Amino acid sequence: NEYKSYLSSIEVSSAAGRGLTMANYIEIGEKKVFASYDAFKADILAGVKEDIDGIGVTFDGVNASIDVVWIIMCAALVFMMQAGFALVEVGTVSMKNTKNILIKNMVDVSIGCISFYLLGYGFAYGGSNPFIGGDNFALSGIRNKTAYPDASYDGAQYAFFFFQFAFAATAATIVSGAVAERCRFIAYLTYSFSLTIFIYPVVVHWGWSGTGWASAFVDKDDRLFGVGVIDFAGSTVVHMVGGTTALVAAIFLGPRTGRFGKKAFPLPQQSALFQTLGVLILWFGWYGFNCGSTLTVKGSAAPVAGLAAATSTISATVAGIVSACFGYIFEKKICIHRINNGILAGLVSITAGCSVITPEMSLIVGFLGGCIYFASSVMLEKLRVDDVVDASPVHLFCGAWGTLAVGFFAHPDLVATAYGTGSCGAFYKCDGNGGKQLGANIVFIIAVLAWCTFFACIIFGILMYIGRLRVKKETERIGMDAKEHGGPAYEHPITIPTKRQFNMRSDSTSVVVVNEAADEDKHVYN
């Protein structure tokens, strides 16, 4: 009301005949006559700023507060993806292993937080070493003051830790579905702890820190091939780490009993409803994953987040349709798990380039992501690798493709907006940097693949050697809920196959009718 009264007393006039400059005004009676409209606006803004300063609020403080809220909200979306993973995995396994899956998902979050807090965050974002961080362990470095003069800590950095922890927990949970129904609980704890405390944080340091050897956020002269890696939200940093570990784990564990005979036998799954709800929750959380990786909404970051939302949606939908079509062509049916995993494949594929790839190019990224998912899924089945939820086709193969896609399709204008660099994909011309971007991303993919494979082989190899990797056959038959977790997850009866049925072809959710004179290709599931 005070400003309305002030405005009513003002007459905006031209400077003609009054001898006024752009910066001042003259008073005529009770009125102020300004030299120009710009001078009028400047006077108004000065008054507003004086009033805001008078109540102890700064524009920088408001911007910083908005960014903290943005990061926390996006991190919460990523954290909620844990519910999506749990539903997808529960829906894909037998009822007799429901509790086991749920407990493992909760343990991922708990162990992931503790290990990432104690050491992982420091390895990821501490120090100036290009290979691994060396300080800020247990968040010890977050004590500086920023936009909050009265605070003894930097709240934005605490929010950033929460955001990065949610990513770390995601990388660990990817492995859970691949090893379902036959992995010992102690083995799961071992790899989950190792992944979040060391393996994943080192990759984060390489690609996302301000000092990593592959990072695009270091000085130009120190960037890999002069451009650095563009992996905006983690096709390689997050998804390839989880997918590679999942593949190695599935190989060391071997297939579930009854999964393969003369051919592959699809074991009955608990609930297509759970699977689909889980994928929808994951899809929803992915907007926190991709859009939230701007880490701010100031300046050009808000438009970048909008682009990430659009490209993520387009790629996911195209990949889901492509995967379903391939299922119909080659498997003669439209299968819900092909659509679901195709959508996830499209999301993984666009994660690296969601901020630098145009919407029309995201169609191509999603299309090829759907093709790569289906082909790699079929290939692993032919090789008798039992990845229960297709974690490695979705996260490893499509994660690698997503990072490669940046090297082909990154638009120079979008790279300049999101990264402030002069790089682009090989399909564009930007002072010869297109080929460099593709080369940098290829080197990063190879390095991460080698790093994760090496440590995963050590971890699972030792566990297998000491007999702590896979459950006993009897536990697999009865189910880990009954053996290790105090009983089944459901009150209604669950059919447990006899030893003879289990050894031939079995699943706890089905009554197996066996024709004793028939070979294993003629087993029937009711």
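Which residue lies over the face of Phe260? That one is Arg259, at 4.8 Å from the ring centre; a charge sits over a ring here if NZ of Lys or CZ of Arg is within 6 Å of the ring centre and within 35 degrees of the ring normal.

Hi everyone, a word on the ground rules. This is a predicted model, where local features need pLDDT of at least 70, side-chain atom pairs count only at pLDDT 80 or more, and totals for chains, interfaces and linings use all residues. Residues are numbered from 1 along each chain as its sequence is written, and side-chain values use heavy atoms, with hydrogens and water left out.

Let's go to helix α4, residues 98-125. Helices are DSSP runs of H or I with at least four residues, numbered from the N terminus. Helix α4 has a kink of about 65 degrees centred on Phe116, the bend being the angle between axes fitted to the seven residues ending there and the seven starting there. Just after α4, Gly127 has a positive phi of about 75 degrees.

Now the aromatics. Rings of Phe, Tyr and Trp (its six-membered ring) pair if their centres lie within 6.5 Å; planes under 30 degrees apart are stacked, over 60 edge-to-face, and the rest tilted. How many aromatic pairs does that rule give? The count is 35. Phe131 and Trp206 make a tilted one, 5.6 Å centre to centre with 50 degrees between the planes. Phe131 is in the loop between α4 and α5 while Trp206 is in helix α6, so the pair ties together parts 75 residues apart in sequence. Trp206 is buried at 4% relative accessible area, whereas Phe131 is partly exposed at 37%; buried means under 20%, exposed over 50%, partly exposed in between, using a 1.4 Å probe and protein chains only. Phe454 and Phe455 pair edge-to-face, because their centres are 5.1 Å apart and their planes at 85 degrees. One aromatic cluster includes Phe131, Trp206, Phe454 and Phe455.

On to the cysteines. A search of the whole structure turns up one disulfide, defined as a pair of cysteine sulfur atoms within 2.5 Å. Cys424 and Cys430 form it, with their sulfur atoms 1.9 Å apart. The link of Cys424 and Cys430 is left-handed, with -90 degrees about the S-S bond, and both Cys424 and Cys430 are buried. Cys354, by contrast, is in no disulfide: the nearest cysteine sulfur, that of Cys291, is 7.0 Å away.

Last stop, Thr170 in helix α5. Thr170 is buried at 0% relative accessibility. Leaving aside neighbours within four places in sequence, Thr170 is in contact (heavy atoms within 4.5 Å) with Val78, Gln82, Phe85, Val238 and Phe289. Thanks, everyone!

Notes. Helices (H or I, at least four residues) and strands (E, at least two) are DSSP runs, numbered from the N terminus.
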